[in-house]
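Hi there,

Here is the structure I promised to pass on to you. Have a look at it first, and then read my notes below.

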Amino acid sequence: MDVRRLELLLALSRLGSMRAVAETLGVTTSTVSQQIAALAHEVGVPLLEPDGRRVRLTPAGRRLAGHAVDIVAAVEAARADLDPAADPTGTVRVAAFHTAIRDTLLPVVHRLAAAHPAVRLEIQEQEPPEALDLLERGQVDLAVSYDYNLAPANLDPVLQVARLWHATWGLGVPSRSRRTSGTSAEVLAAFAESDWIVNSRHAGDEQVVRTIASLAGFEPRVTHRADSLPLVREMILAGLGVALLPTGNPKTPGISVRRLRDPEPRLRAYAVTRRGRGDWAPLALVLGLLEQQRRAPDAVSWT
């Protein structure tokens, strides 16, 4: 199979139309059509099918595009190996949760724009289950995910993990609530009769709540689910329940974040790639910038 044709197929899978591929790559729409038709002849199966006035990839076309992610990356890595002085170039597709986009990826975007304009990030907001699924299916190159020390993720061995930062979490309650102290179990026990708010798209914080609650001898009444921390805070202020919140965030009037210790819940953020893909020059550059950011003296640790 011709690598250039695979590149065009991969671009079509990402951009959605031959016109967009032609405009992005600086070729004619006719060239895109002819080259993908030639690729279909090479592999012996149809790669495109009509979709109204446009075309879309067939199931075989989507599978081949998935293979093309690794093939094109391997070719680019080989080219970089033969020309190590060449500047990285390309688009790194990233799926990450909201906080990581704001505090981890946007600074990288600014550094790339200043020092490596030929490398750009294509970012989509996703909670860890969706981000890791996209990574495993080859639809993104990098996932920024998280788990909790009390609810560790069970990642596939084909994935490679680099830690980024951690955040200590406490129990967010209305400020008018009576004061409590002691271990995590003792603090949660004081709110055993409360409704609980947990994440709607990631089970980690609910697992943490249930683990600590079991130490306190009660079953938490999970009533509400939301994946936005600002919304969770609004729900606490509205009297709908209590929830885990990071302790390092700016204080919210009307909410008190009670310290939890013995055990102390910690959210752990990390960058995840498919094993063997980290040598692809644009991705290696982004991973290097993330590592530099983690080691910086003023790096945010969220403790």
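The protein chain has 10 helices and 11 strands; helices (H or I, at least four residues) and strands (E, at least two) are DSSP runs, numbered from the N terminus. This is a predicted model, in which local features need pLDDT of at least 70 and side-chain atom pairs count only at pLDDT 80 or more, while totals for chains, interfaces and linings use all residues. Residues are numbered from 1 along each chain as its sequence is written, and side-chain values use heavy atoms, with hydrogens and water left out.

The whole chain

The C-alpha trace spans about 70 × 45 × 35 Å along its principal axes. The chain has 303 residues, and 44% of them count as buried. Buried means under 20% relative accessible area, exposed means over 50%, and partly exposed is in between (1.4 Å probe, protein chains only). Contact means heavy atoms within 4.5 Å. Of the contacts in the chain with a separation of 6 or more, 74% join residues 24 or more positions apart.

Helices that pack together

Two packed helices are described by the angle between their axes and the distance between the axes. The axes are lines fitted to C-alpha atoms, for helices over the stretch in contact, and angles run from 0 to 180 degrees between N-to-C directions.

Start with helix α1 (residues 3-15) and helix α3 (residues 29-43), which pack at an angle of about 110° with their axes 9 Å apart. These two helices are therefore roughly perpendicular to each other. Here is the scale for those words: under 35 degrees is roughly parallel, over 145 roughly antiparallel, 65 to 115 roughly perpendicular, and the rest oblique. The crossing of α1 and α3 is left-handed, meaning that the near helix is turned anticlockwise from the far one by less than a right angle; clockwise would be right-handed. On the α1 side the contact is made by R5, L6, L8, L9 and L12, and on the α3 side by V32, Q35, I36, A38, L39 and E42. These residues divide into 8 nonpolar, 1 polar and 2 charged. In this count Ala, Val, Leu, Ile, Met, Phe, Trp, Tyr, Cys and Pro are nonpolar, Asp, Glu, Lys and Arg are charged, and the others, Gly among them, are polar.

Helix α1 also meets helix α2 (residues 18-25): their axes come within 9 Å and cross at roughly 120°. That makes α1 and α2 oblique to each other, and their crossing is right-handed. The residues that meet are R4, L8, A11, L12 and L15 in α1 and M18, A20, V21, T24 and L25 in α2.

The crossing of α5 and α10 is right-handed. From α5 come D103, T104, L105, P107, V108, R111 and L112, and from α10 come L285, V286, L289, L290, Q292 and Q293.

The nonpolar cores

Which residues have the most contacts inside the largest nonpolar core? They are V144, L171 and V286, in a core of 46 residues. A nonpolar core is a set of buried Ala, Val, Leu, Ile, Met, Phe, Trp, Tyr and Cys residues joined through side-chain atoms within 4.5 Å. Strand β6 (residues 159-174) gives this core its largest share, 6 residues. Apart from it lies another core, of 20 residues, including L6, L8, L47 and A68. Leaving aside neighbours within four places in sequence, V144 is in contact with V94, A95, A96, F97, A100, L105, L164 and Y270.

Q126 lies in the loop between β4 (119-125) and α6 (128-136). Is Q126 buried or exposed? Q126 is buried, with a relative accessible area of 18%. Not counting residues up to four places away in sequence, Q126 touches A95, A96, F97, A131, L134 and R201.

In the loop between β10 (255-258) and β11 (266-274) you will find P263. The peptide bond from D262 to P263 is cis, with omega near 5°. D262 has a positive phi of about 55° although it is not a glycine, and D262 is exposed, with a relative accessible area of 56%.

Finally, G276 sits in the loop between β11 and α10, and G276 is exposed at 55% relative accessible area. The C-alpha atoms of G276 and R294 are separated by 22 Å, with the two residues 18 apart along the chain.

Enjoy exploring!
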